[in-house]
Amino acid sequence: MSEKLVSRRDLLKGTVAATAAMATGCAWMGKVGKARSMLIADSHCHVSSTWYEPVETLLFQMDQNDVQHALLIQYMGQVDNDYQARCLERFPGRFASIVMVDTTQPDAPDTLAKLAERGAAGVRLSAGTRSPGEDPLAIWRKAEELGLATSCAGGADQFASDEFAALVEAVPDLPIIIEHLGGVKHRNNPDPLYPLAQKVFALARYPNTYIKIPGLGEFCVRNMPVTDFPFAKPIPPFLEMVYEAFGPARMMWGSDYPPVSGREGYRNSLLLTMAQFEDKPETAVEQIFGGTVLALFPTLQRSGDDLDATRFKP
Ligand SMILES: [Zn+2]
């Protein structure tokens, strides 16, 4: 498969088309059957030799589904980032490394600086991460100073808190990418007006916030017994709410590979999620499924790519 732009028509050829048609119905097929050029980047993948799966299995999924680039997000508890660094060397331009450091250590900011020198593009922090010593925001400020981005894990209650809003405000030049739809799920939002989700998504008022859009399996209820479309309808309106709040230039799809394989699977997490945006403009879909990642992580370019990601900037 060429590493150049793929059209959605290419994407939907063969088994991909069959899966998508079965899963989403013919209306969507007709719509995306129109040629659309797009470059897909996955904002949330985990690889290692000690937990989850090695990079080769991720590459298999990416190649099967015409996903050109991915952010390698260090998994919780792991602060040895060598495996991810090697992935960048082995597959130039294909990945960016989002590292973890032991933030309980006073020298964590220095460790992060060294990792940045060796090519890390971002650091994964939790919403509640605070540094020891005089400045509880030391690690956040260091990331800002180094020009890194932060992939931020947390629960909806944490993201909705005043403390987190104050943190976001304190580091205005640090891109803070909220993971997993801000922890918003159907089951922690029983109220039809979704007050908790609204509070999380109101973080969009800070221009340095971004949000990851997961597969539907992360926040929808699975249909049992099985049906062609695997989730109970109506699905909660969270993607639409995020679109309204953040806009496509601050949204990024992320598969959460390989845990996604225990939910709806990699391909379904891409295609069923994309289908939710079928009524949106082509440029918006391009941004959500690749452009936003490419604009924030310009090292994601392979030789031969002729990509001007600046057009995806918010
Ligand atoms: Zn994950």
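Within what distance do the axes of helix 6 and helix 7 come, and at roughly what angle do they cross? The tour returns to this pair after a brief orientation.

**Orientation**

This is a predicted model, in which local features need pLDDT of at least 70 and side-chain atom pairs count only at pLDDT 80 or more, while totals for chains, interfaces and linings use all residues. Residues are numbered from 1 along each chain as its sequence is written.

Display the whole chain first. It holds 13 helices and 10 strands; helices (H or I, at least four residues) and strands (E, at least two) are DSSP runs, numbered from the N terminus. Of its 314 residues, 45% count as buried. A residue is buried if 20 or more other C-beta atoms lie within 10 Å of its own, exposed if 12 or fewer, and partly exposed in between, with C-beta atoms placed from the backbone.

**First stop: helices 6 and 7**

Select residues 108-117 (helix 6) and 138-146 (helix 7): their axes come within 9 Å and cross at roughly 25°. Axes are lines fitted to C-alpha atoms, for helices over the stretch in contact, and angles run from 0 to 180 degrees between N-to-C directions.

Next, show the side chains between them. A108, P109, L112, A113 and A116 of helix 6 meet A138, I139, K142, A143 and L146 of helix 7; residues are in contact if their C-beta atoms, placed from the backbone, lie within 7 Å. These residues divide into 9 nonpolar, no polar and 1 charged. Here Ala, Val, Leu, Ile, Met, Phe, Trp, Tyr, Cys and Pro count as nonpolar, Asp, Glu, Lys and Arg as charged, and the others, Gly among them, as polar.

Stay with helix 7 and select its buried residues, I139, W140, K142, A143 and E144. Their cover includes helix 6, strand 6 (122-126), strand 7 (149-153) and helix 9 (162-170). After helix 7 comes G147, with a positive phi near 75°.

An open sheet is formed by 8 strands in the order 3-4-5-6-7-8-9-10, with parallel pairing; two strands pair if DSSP finds at least two bridges between them. Strand 3 (40-45) and strand 10 (251-253) are the edge strands, each pairing on one side only. Ignoring direction, neighbouring strands are turned by 25° against each other on average.

Focus on strand 4 (residues 67-73) and strand 5 (residues 95-99), which pair in the parallel sense over 4 bridges. L72 has S97 as its bridge partner, and L71 has A96.

Is strand 5 enclosed or open? Since 5 of its 5 residues are buried, strand 5 is largely enclosed by the rest of the structure. F95, S97 and V99 lie on one side and A96 and I98 on the other, and both faces are covered.

**Last stop: A160**

Finally, select A160, in the loop between helix 8 (156-159) and helix 9. A160 counts as buried because it has 23 C-beta neighbours inside 10 Å. Leaving aside neighbours within four places in sequence, A160 is in contact with L196, K199 and V200. The C-alpha atoms of A160 and L203 are separated by 8.0 Å, although these residues are 43 apart along the chain.

Conventions
Two residues are in contact if their C-beta atoms, placed from the backbone, lie within 7 Å.
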